[in-house]
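Hi,

Here is the structure I said I would pass on. My notes on it follow below; have a look at the model first.

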Amino acid sequence: MPETAAKLSDERIVYLEGLVRQGQIAAAVFSQFTQQDVDRIVKAVVLAGLEQAQHLARLAIEETRLGVLEDKAIKNMVATEFVYNYVRDKPSVGVIREFPERGLEEMAEPIGLIFSVTPVTNPTATVLFKCIMALKTRNAVLFGPHPKAWRCCREAVRIMYETAVKHGAPEGVFTCLEEPTIPDNVYLMHHKEIKLIDATGGPGAVKAAYSSGKPALGVGAGNTPVYLEKTAHLDMAIVDIITSKTFDNGTICASEQTVVIDDEIYDLTMAKFAELGAHICDAREAEILGRMVIDPETGAMRPMAVGQKAADIARVCGLRVKPETKLLIAPIHGVGPQHPLSVEKLFPVLAVYRAKTLEEALRVCVDVNHAGGLGHTAVVFSRNDEVIRKFSELINAGRIIANSPGSIGALGGVYNDMVPTFSFGCGTGGGNSTTDNVNLYHYLNIKRVARRTQAHMWFRVPNQIYFNMNAVENLRQLESRATLIVTNPLLEQMGHVNLVRRSLPAQTAVRVLAIPDAEPEVAVVMQGVEALQLHKADQIVALGGGSVIDAAKIMKLKYESPDADIDELAAPFLDIRKRVVQYPSTKTNVLRLIAISTTSGTGSEVTPFAVLIDKERGRKVTLADYSLTPDVAIVDPQFVMTMPKGLTADTGVDALTHALEAGVSIHASPYTDSNAMQAVRMVFKYLPIAYENPRDEDARSMMHNAACIAALAFSNASVGVNHALAHAFGARFHVAHGRANALMLPHVIAYNASVPTKFMPSPNQRAYIAHKKYAMVADLLGLGGETITEKVEKLVVAVEHLLDRLNMPRSIAELGISEEDFERALPDLAKIAFDDPSWRSNPRMPLVSELVDLFRKAYRGRRRAEPAAAGEPLVAAGSCV
Amino acid sequence: MNANAEWVQQHEGGEVVDFSDVERIDASGVQALERLADQTVLRGVNTNVYKVLKLLKLTPRFRFLE
């Protein structure tokens with residue numbers, strides 16, 4: 001407890017503790033009340049406050065000697081009627097807002113006991129306002145009124161309390177300090193049972209509230225600049241300013257302080273002010289006024305002037321004005337200590353500034369705003385929306401009131417649709433936690449009930465897929481004026497290009513670009529783009545393996561959208577729907593991409609991925625977007641009939657890995673499952689045949705289809721940790737991708753089938769099902785086994801038998817890599833694998849240590865199971881297509 | 001609360017007060033309970049009343065029976 005509070009007597013502490021305990025019990029009891037209970041009580045107290053508005057205004061005037069009786073009565077009515085109008089239909093108990101389309105609900109939780117500091121300038125209105133807020137939100141309030149206004153506040157609290165309790169509110173819901181002191185405030189602000197401090201008042205009270213370390217709403221001083229721009233409706237503006245600045249003798253902190261007037265209308269404005277009862281000070285009078293009402297040492301207004309009438313202030317200052325003078329207007333020539341009247345003046349003295357230009361006017365308004373008014377209120381009169389917008393951009397104020405009075409405008413609900421309030425949040429500019437007009441939502445803890453939502457999913461594939469022997473002939477029905485065939489030299493030599501050329505419509509002008517059979521470089525892509533431009537192509541046919549098709553995808557991207565920045569498009573992302581970088585949607589050229597695959601593995605002919613080598617920077621760039629997906633895929637086995645055995649095995653295992661990883665992916669769906677499962681069955685049946693009997697047309701055809709079907713699955717469900725491991729290992733030790741996948745696959749299946757150390761967040765899956773999915777694969781293959789564990793083990797063994805049939809190495813050690821070299825590389829491998837985006841859809845989130853473990857297992861390999869004899873089916877009869 | 005809460009038989013934890021028919025507790029009810037703290041078992045306290053006792057940090061001072 002701070003030192004100031006230590007000055008309290010034991011008796012006073014007992015008194016304060018009693019008030020706190022009452023409030024604490026009341027707040028707890030209040031938590032049981034329903035919306036109907038609360039609304040009934042609120043309506044009753046609002047009516048009581050309205051009934052007593054004039055009585056309370058009179059008490060406030062008598063006690064504080066500030067302001068105007070009639071205006072104080074109006075304030076009390078606004079604080080009840082207008083505030084009620086705002087809160088009456090607002091739910092404040094239970095569910096207060098619903099967003100069914102987002103699965104969200106907001107629910108109210110009361111705060112508890114609030115310690116509320118109220119000001120001398122608006123004492124009873126602030127009490128009425130806060131009582132209504134508290135009752136609506138089921139909170140209890142202990143009021144700490146300003147020491148010069150505590151009696152009228154006590155009466156306001158009594159009226160509200162008795163009415164509230166009469167209508168069922170908990171006893172003790174409102175209490176009010178008698179003869180409050182600063183030590184009382186300090187003690188209460190630090191009390192552990194006070195849950196929120198709501199300090200409306202001077203900077204001292206607000207600072208103390210925020211310094212207490214408790215949640216606080218502290219709202220305080222302002223210094224409202226007003227820009228009276230030359231297009232403004234002048235008569236309206238002048239009446240508004242006088243109405244506002246004289247309201248309750250200027251005690252509302254949102255009232256106008258300095259009016260900056262355009263040169264063109266300055267003289268007319270002054271004349272109109274004078275006409276309506278303002279006294280325009282000359283230079284001497286302005287100097288006297290500044291000296292008398294502003295303390296030259298502190299630069300702050302003198303309390304003796306606060307809330308006093310203009311004529312009385314003039315009299316005290318020795319100025320001769322008419323007795324009915326409403327407002328003293330003093331010209332100033334700058335802002336700051338040399339211009340004392342440029343600060344906040346809670347009395348009817350208004351500074352005015354003549355501005356030669358818009359820029360000067362805005363600059364002076366900014367100066368006033370920064371001279372004690374940051375975050376509070378500002379006013380602009382103009383019929384030029386651009387001026388209003390520019391002013392609003394420059395000024396830091398929670399309330400920017402356009403073409404209406406500052407004080408009454410800021411209160412809300414009278415001249416505009418802002419929330420009615422008697423507490424103006426001033427944001428960080430004013431050292432506050434909010435810029436809002438404080439309202440019932442600031443008296444609530446708002447709980448968000450977030451229901452599980454299902455992310456939208458998709459299944460996106462090329463528009464057309466032609467498959468089976470001679471499917472290339474379908475090119476004939478695809479009209480094209482100019483086609484570029486992108487391929488590699490070997491395929492050209494083999495006559496495949498001529499086959500494609502012959503299948504194109506007769507009228508199509510054809511050019512061929514043979515590129516190296518390797519992951520494409522930027523220069524190669526740009527060479528293709530140039531060829532497309534020269535040829536004015538409307539179609540590109542990619543004939544080749546993954547590298548050629550990937551190159552063609554990027555050529556198409558750059559041809560259609562020359563400004564596409566490959567570096568930027570390669571930026572990493574977690575969720576394709578929320579990615580930072582968007583692929584171009586506008587196209588300079590339009591090109592049809594037809595992909596004809598000449599290997600049975602990557603599935604690039606249907607995928608939205610492309611890999612590029614950036615030699616200059618020595619890195620690999622992976623692009624992923626559905627706009628990269630070829631428009632047409634041709635899966636014609638005649639192009640793979642001569643694939644070498646090794647390539648058949650490598651690419652075939654890659655296809656199997658795609659299917660198995662898509663099957664257990666967290667993005668798997670019934671759409672991808674159907675493809676993944678079918679692909680697994682086809683690979684198990686036809687890959688050994690295609691490998692052992694390369695001329696078997698049926699096996700080649702089915703394997704070619706299987707690779708494409710697996711790619712349809714992983715294009716939409718993605719892959720997993722197997723690919724992350726294989727990418728890292730393959731790149732480091734120059735091992736073919738399919739072979740690298742094969743080395744990891746049995747270990748990854750076993751890994752994913754066991755209980756994860758860390759689960760992968762996956763809103764679309766209701767349980768961990770990877771092991772069950774593997775078991776399902778085992779069932780589809782007819783592998784047998786009773787339990788899930790047995791089935792998974794049988795699947796692992798079946799995969800190993802398949803790898804054996806394909807003469808695949810079963811351990812990294814078998815590749816001739818020494819254990820020493822491998823161990824030396826291991827930390828880097830694990831790091832690279834962890835950075836690889838492939839595992840982000842893996843069912844199990846891999847720890848780096850687990851990646852290391854998987855690499856080590858792959859190095860050693862599993863104990864060999866009994867190998868299947870050559871020619872013997874790997875899976876049960878009848879289990880495959 | 002006073003009208004509805006019913007004293008019942010002695011329980012091993014102390015006197016038992018039956019709250020089964022108590023929908024809400026008011027301030028005087030809370031004060032009455034405070035006097036019975038550390039010696040009383042409360043039976044059938046509904047969740048709303050339980051939360052009031054929780055907010056007032058009174059739950060550790062009672063035993064609760066379903």
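In what order do the five strands of the open sheet in chain A run? The order is E5-E4-E3-E6-E7 in chain A, and the pairing is parallel. Before the rest, some housekeeping. This is a predicted model, in which local features need pLDDT of at least 70 and side-chain atom pairs count only at pLDDT 80 or more, while totals for chains, interfaces and linings use all residues. Residues are numbered from 1 along each chain as its sequence is written, and chains are lettered from A and ligands numbered from 1 in the order in which they are written.

**The five-stranded sheet**

Helices (H or I, at least four residues) and strands (E, at least two) are DSSP runs numbered from the N terminus, and two strands pair if DSSP finds at least two bridges between them. At the edges of this sheet are E5 (174–176) and E7 (216–219) of chain A, each of which pairs on one side only. On average, neighbouring strands are turned by 15° against each other, direction ignored. Inside the sheet, E3 (residues 113–117) and E6 (residues 196–200) of chain A pair in the parallel sense over four bridges, and A:Val117 has A:Ala199 in E6(A) as its bridge partner.

Helix H6 (residues 150–166) of chain A lies across E4 and E5 of chain A, at about 165° to E5(A). Angles here run from 0 to 180 degrees between N-to-C directions, with axes fitted as lines to C-alpha atoms, for helices over the stretch in contact.

**The seven-stranded sheet**

Chain A also has an open sheet of seven strands in the order E10-E11-E12-E9-E8-E13-E14, again with parallel pairing. E10 (278–280) and E14 (397–402) of chain A each have a single partner strand, so one side of each is left without a neighbour in the sheet. The twist from one strand to the next averages 25°. Four bridges join E11 (residues 327–331) to E12 (residues 349–355) of chain A, and A:Pro331 is partnered with A:Val352 in E12(A). Helix H10 (residues 263–275) of chain A lies across E8, E9, E10, E11 and E12 of chain A, running at about 130° to E9(A).

**A helix pair**

H21 (residues 645–664) and H22 (residues 670–692) of chain A pack at about 160°, with their axes 8 Å apart. They are therefore roughly antiparallel (over 145 degrees). Their contact has 14 nonpolar, four polar and two charged residues. For these classes, Ala, Val, Leu, Ile, Met, Phe, Trp, Tyr, Cys and Pro count as nonpolar, Asp, Glu, Lys and Arg as charged, and the others, Gly among them, as polar.

**One residue to look at**

A:Tyr559 lies in helix H19 (residues 546–560) of chain A. With 25 C-beta neighbours inside 10 Å, A:Tyr559 counts as buried (the cut-off is 20 or more other C-beta atoms within 10 Å, placed from the backbone). Beyond its neighbours within four places in sequence, A:Tyr559 is in contact with A:Val529, A:Leu532, A:Gln533, A:Asn589 and A:Leu591; contact means C-beta atoms, placed from the backbone, within 7 Å.

**Chain B**

Chain B has two helices and four strands, in the pattern β-β-α-β-α-β along the sequence. Of its 66 residues, 26% count as buried. Chains A and B each give 10 residues to their contact, and on the side of chain A these divide into five nonpolar, four polar and one charged.

Cheers

Key: Buried ≥ 20, exposed ≤ 12 C-beta atoms within 10 Å, placed from the backbone. Contact = placed C-beta atoms within 7 Å. Parallel < 35°, antiparallel > 145°, perpendicular 65-115°, else oblique.
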